[in-house]
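The sequence and the structure come first.

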Amino acid sequence: MARAPFTLDDLPARLRALVQLCPAKGCWLWIGSTSGTGRGGGYGRVKWQGVTQAAHKVVWLVSGGRLLRAGEQLDHTCTVRRCCNPAHLSPLFQKRNMKLAYSRRRAAFTAEAAE
Ligand SMILES: [Zn+2]
């Protein structure tokens, strides 16, 4: 039997209070603190089990996502950094993730230039 999909309301209350559903894309937007606006910024941060860490990673693990291997990161398939929806996250090796981010940026830039 398939496991019921993990929903927002399955989140522990402390995390649930910091996540807001974006109905347009189904993103779970993190409304708690973030890593700021600099390089590598814009990701949700939360103190969980005594360690301050990436909010989307915490949600991923809490929702039953598998442990990440060394060098793996969670890619946001929706490209929304603050999103924590486990259905929008997929583990990826860092190199591949950077390549993807680059091609997405490039695509966005090309689209802008064409306007
Ligand atoms: Zn999303």
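## The E3–E4 hairpin

Strands E3 and E4 form a hairpin with two residues between them, and Gln49 in the turn has a positive phi of about 55 degrees. Helices and strands here are DSSP runs, numbered from the N terminus, with at least four residues (H or I) for a helix and at least two (E) for a strand. Trp48 has Val51 in E4 as its bridge partner.

## Basis of the model

This is a predicted model, in which local features need pLDDT of at least 70 and side-chain atom pairs count only at pLDDT 80 or more, while totals for chains, interfaces and linings use all residues. Residues are numbered from 1 along each chain as its sequence is written.

## Overall fold

The protein chain has three helices and six strands, in the order α-β-β-β-β-α-β-β-α along the sequence. Its C-alpha atoms fill a box of roughly 45 × 35 × 35 Å along the principal axes.

Of the 115 residues, 18% are buried. A residue counts as buried if 20 or more other C-beta atoms lie within 10 Å of its own, as exposed if 12 or fewer do, and as partly exposed in between, with C-beta atoms placed from the backbone. Among contacts with a separation of 6 or more, 39% join residues 24 or more positions apart; a contact means that the C-beta atoms of two residues, placed from the backbone, lie within 7 Å.

Helix H2 spans residues 55-62, and its buried residues are Ala55, His56, Val58, Val59 and Trp60. The elements that cover these buried residues include helix H1 (13-16) and the strands E2 (27-30), E3 (45-48), E4 (51-54), E5 (72-76) and E6 (89-93). Just after H2, Gly64 takes a positive phi of about 100 degrees.

The largest nonpolar core has 16 residues, and those with the most contacts inside it are Val19, Trp28, Ala55, Val58, Val59 and Cys84. E2 and H2 are the elements that give two or more residues to this core, and H2 gives the most, with four residues. A nonpolar core is a set of buried Ala, Val, Leu, Ile, Met, Phe, Trp, Tyr and Cys residues joined through C-beta atoms within 7 Å. In soluble globular proteins, nonpolar side chains tend to be buried together.

## Val58

Val58 lies in helix H2 and counts as buried because it has 22 C-beta neighbours inside 10 Å. Leaving aside residues up to four places away in sequence, Val58 touches Leu15, Val46, Trp48 and Gln53. Val58 and Gln94 are 36 residues apart in sequence, and their C-alpha atoms are 18 Å apart in space.

Most residues other than glycine have a negative phi. Gln49 has a positive phi although it is not a glycine. This residue, Gln49, lies in the loop between E3 and E4 and counts as exposed because it has 7 C-beta neighbours inside 10 Å.

Thr79 is not a glycine either, and has a positive phi of about 60 degrees. Thr79 lies in the loop between E5 and E6. With 15 other C-beta atoms within 10 Å, Thr79 is partly exposed.

Technical notes:
Two strands pair if DSSP finds at least two bridges between them.
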